[in-house]
Amino acid sequence: TQSTWAINKHPEYIDSKTMNDFVCADNGDGFSRCVSGCLKIIDLEPGCVFGVYELLQTIATRGGTRWLDKLYSALLTDVNRVIVDHETSLLTSKIETLESKTLTSRLHLLSLMYDCFELPSKFCEVFCRCGVLPRLINLISVVSEICANSLELPNSTDYSTRTFRQPWIALTILTLDLYMKAYNMSEHVALLKDEETDKWQHFDDLNGKWVTYSSQSNDIIQRAYKNREKTTQLTGGSRRKYTINFPKMVQINESNQKKAIMLELKSLKDESDDITNDTDIKQTSNDSIIQSFSNSELNVCLSACIQLLQTPSVVDNTTISTALRLCLRLTRDYALAVKFLELGGVRKLLALSNAGIASQLTDFESLSLLILRHIVENSTNLRSAVYSVLSMKMCNVIIVIMVVGLSMTTDGCYLNHYHLVPEEQ
């Protein structure tokens, strides 16, 4: 452990040839020695996974994207090998074995290395190349059925036979959740990368309409928005300077007058995508293929998580918590939220609360409330809620105008902005 820390904190102690061998992605021998050495460390001492992660993160920073892709591919390939070769042992043994420890350490390191990817699409690409995604889904589906069957065993059965508390179960669910998160983020990033579909506008109070910025100003705003800058500067036709504030979505001139701004995304053209095995395939700009979850796979994941929620006596609390998080991400799709209700997911949440499990999970209340919110947020309820909020805000604006006696001049811009962005109240 001390050696790992020293190498990570003081890489200058290593001779340049050794470091170059590790960093060079084309050097197969150096790369293999680096990865195999790190994996042996976490196999012998699982507690060193954080130190190994810091070491690999340091080397990946110096080695670049190619080195990180190659490292993640090697880890995923190893996970795939463990599942294929030892699936029976993983699913039948209720105690920790060498195979289960190996899978746990690999998945733990994979989840930590997720933050090393600057672009979520790169994370998805590596996953798809290794083909491990369907195996993880099948693994968690079989595990949920085993846990559900354990509830039917008589109470006289040995405790070790009734329980299935393996750390790799929660890490498998976490890995699936990270992939879904990365895939959703990659879709948003791909949408924002298309500059032709982005159009920035500001609200003209006098005409009551949204006005599009000039092409030059639009490019400046779009470039700053993609770089995640909080503010950017514009120069108008009369040499007046404006500040664009992205967190508050306003345009501020030199007189501190504010106008609301917004980003309009043109509707994307419908493309007839070929569907193979009921799976959606997404083609990115760099000719890489990212695989999304099919409807059947999403239903399998949701059903597996709901089954795990009803087995708190079989699995550990970490598995329950990660299953809740995956349910939360899945129910963002309203169709899956309805499916969650139909499969008895709400009853499972109430049962966990009544059994006292909720008090043992710090995030149970917040996750459960968000899941219930996803269930009730259909299009009709959302439309009604938005209408109610807008009506209330407009009533407040009208009252202010009547009491203070403001006219729709320069101050009227502030009132319209208060209506559009309530945070400025």
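**Reading the predicted model**

User: What covers the buried residues of helix 14?
Analyst: In this predicted model, the cover over the buried residues of helix 14 includes helix 12, helix 13, helix 15 and helix 16. The buried residues of helix 14, which spans residues 334–342, include L336, A337 and F340.

User: Why is the pair of Y72 and F123 called edge-to-face?
Analyst: The structure holds eight aromatic pairs, and Y72 with F123 is one of them. Their ring centres are 5.4 Å apart, which is within the 6.5 Å needed for a pair, and their planes stand at 65°, which is over the 60 degrees that marks an edge-to-face arrangement, so the pair is given that name.

User: What makes this pair a tie between parts that are apart in sequence?
Analyst: Y72 belongs to helix 5 (residues 65–92) and F123 to helix 7 (residues 120–130), so the pair ties together parts that are 51 residues apart in sequence.

User: Are Y72 and F123 buried or exposed, and how do you know?
Analyst: The cut-off for buried is under 20% relative accessible area. Y72 has a relative accessibility of 1% and therefore counts as buried, and F123, at 1% relative accessibility, counts as buried too.

User: How do you know whether T311 is buried or exposed?
Analyst: T311 is found in the loop between helix 12 (295–309) and helix 13 (317–330). Its relative accessible area is 0%, which is under the 20% cut-off, so T311 is buried. Leaving aside residues up to four places away in sequence, T311 touches C147, A148 and L151.

User: Why does D363 count as buried?
Analyst: D363 has a relative accessibility of 12%, and since buried means under 20%, D363 therefore falls on the buried side of the cut-off. D363 lies in the loop between helix 15 (345–354) and helix 16 (364–376), and it touches S321 and R325 when residues up to four places away in sequence are not counted.

User: Which residues have the most contacts inside the largest nonpolar core?
Analyst: The largest nonpolar core has 86 residues, and L109 and W168 have the most contacts inside it. Helix 5 gives the most to this core, with 11 residues. W168 touches several residues beyond four places away in sequence, including L90, L91, L103 and V143. Another core, of nine residues, lies apart from the largest one, and W200, A224, I244 and F246 are among its members.

User: In what sense do strand 1 and strand 2 pair?
Analyst: Strand 1 and strand 2 (residues 209–212) are joined by four bridges, and because at least two bridges are needed for strands to pair, they qualify, in the antiparallel sense. The bridge partner of F203 is W210 in strand 2. The two strands form a hairpin with four residues between them, and G208 in its turn has a positive phi of about 65°. Strand 1 (residues 198–204) is mostly covered, with six of its seven residues buried.

User: Where does pLDDT stay under 50?
Analyst: The protein chain averages a pLDDT of 76, and 74% of the residues score at least 70. However, pLDDT stays under 50 over residues 1–19, for which the model has 17 contacts beyond four places in sequence, and over residues 404–425, for which it has 42 such contacts. Where pLDDT is low, predicted coordinates should not be read in detail.

Note on methods. Residues numbered from 1 in each chain as written. Predicted model: local features only at pLDDT ≥ 70, side-chain atom pairs only at ≥ 80, totals over all residues. Heavy atoms only, no water. Phe/Tyr/Trp six-rings, centres within 6.5 Å; stacked < 30°, edge-to-face > 60°. Buried < 20%, exposed > 50% of the residue type's maximum accessible area, 1.4 Å probe, protein only. Contact = heavy atoms within 4.5 Å. Core = buried A, V, L, I, M, F, W, Y, C linked by side-chain atoms within 4.5 Å. pLDDT = per-residue confidence, 0-100.
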